[in-house]
Amino acid sequence: MLEANKVRLVMELRQQGITDQRVLSAIERVPREAFVPEAFHDQAYENTALPIGHGQTISQPSVVAFMTEALSIGPRMKVLEVGTGCGYQAAVLSGLCLRVYSIERFQELFRSTQKRLSELRFNNITIKWGDGLQGWFEQAPFDRLILTAAIKEIPKILFDQMADNGIVIAPLGKRADDQWLVKFFRRNNGEWGQESLLPVRFVPMLSGIVDENVDS
Ligand code: SAH
């Protein structure tokens with residue numbers, strides 16, 4: 001049943017213009033039902049965002065596919081994600097690159113996702129609990145950077161951790177109803193150029209970390 005739904009979802013992604021077969025195969029290999037709460041298992045392969053607790057969501061599959069394709073990932077690359085959430089986007093990326101680093105600010109989400117990713121044996125993903133807006137200095141430089149929460153402007157410290165031919169994909173916007181997915185790339189002169197790709201709706205990027213044990 002879920003398998004049939006997954007095949008249907010991949011067909012839908014193809015119809016929506018995702019043409020990179022490596023991206024479609026990477027999506028096909030990830031069991032999305034393992035990333036959503038039990039109550040949503042039957043909807044795991046619908047092309048929608050779903051709640052994962054803490055007011056956060058698992059991104060819509062077509063948006064995950066689109067962002068992954070826009071990153072043009074190569075097999076030797078190191079990719080940084082800011083906003084791990086349940087780890088679904090990281091799992092899709094992991095099939096395409098050498099190593100994924102991902103940062104989550106909610107300690108509890110970080111813990112449950114760490115457990116999930118290790119149980120599912122996504123061995124090339126390293127996640128940490130922290131403020132992703134600081135990047136991950138010890139693991140830099142990154143070939144690719146993906147932000148999965150909306151932000152007004154990308155902090156310079158993140159650009160500083162990018163390799164020479166880096167690409168950055170992020171939802172930019174001040175309000176929930178006015179966000180665009182933007183791609184940043186290096187021009188020949190080394191400066192960053194940018195291109196708006198499509199309107200999106202992401203939860204906001206927030207600074208600082210959340211330790212539920214202290215907050216509650
Ligand atoms: N990538 C996820 C979607 C995550 S939703 C997926 O695959 O479905 C966005 C996530 O970003 C939330 O879990 C939120 O807690 C996290 N987040 C927001 N601001 C952050 C920050 N400054 N550093 C790290 N994570 C952040």
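Some housekeeping: residues are numbered from 1 along each chain as its sequence is written. As this is a prediction, local features need pLDDT of at least 70 and side-chain atom pairs need 80 or more, while totals for chains, interfaces and linings use all residues, and side-chain values use heavy atoms, without hydrogens and water.

Let's start with the ligand.

Now the polar contacts, meaning pairs of N or O atoms within 3.5 Å. Backbone polar atoms lie 2.8 Å from a ligand nitrogen at Gly132 and 2.9 Å from a ligand nitrogen at Gly83. At Tyr88, a polar backbone atom is 3.5 Å from a ligand oxygen. The ligand has 580 Å² of accessible area on its own, and the protein covers 99% of that (Shrake-Rupley, 1.4 Å probe).

And where does the ligand sit? Its space is the largest pocket, with more than half of the ligand's atoms within 2 Å of the grid points. A pocket here is an open set of points on a 1 Å grid over the protein atoms alone, where a 1.4 Å probe fits, with protein on both sides within 12 Å along at least five of seven lines; lining residues have an atom within 4 Å of a point.

This pocket holds about 530 Å³. It has 34 lining residues, and among the closest to its centre are Gln56 and Thr57.

Lastly, the second largest pocket holds about 150 Å³, and its lining includes Lys152, Glu153 and Arg175. Thanks, all!

Technical notes: Polar contact = N/O pair within 3.5 Å; in protein donor to acceptor, adjacent residues only side chain to side chain. Points joined across faces, edges and corners; volume = space filled by probe spheres on them.
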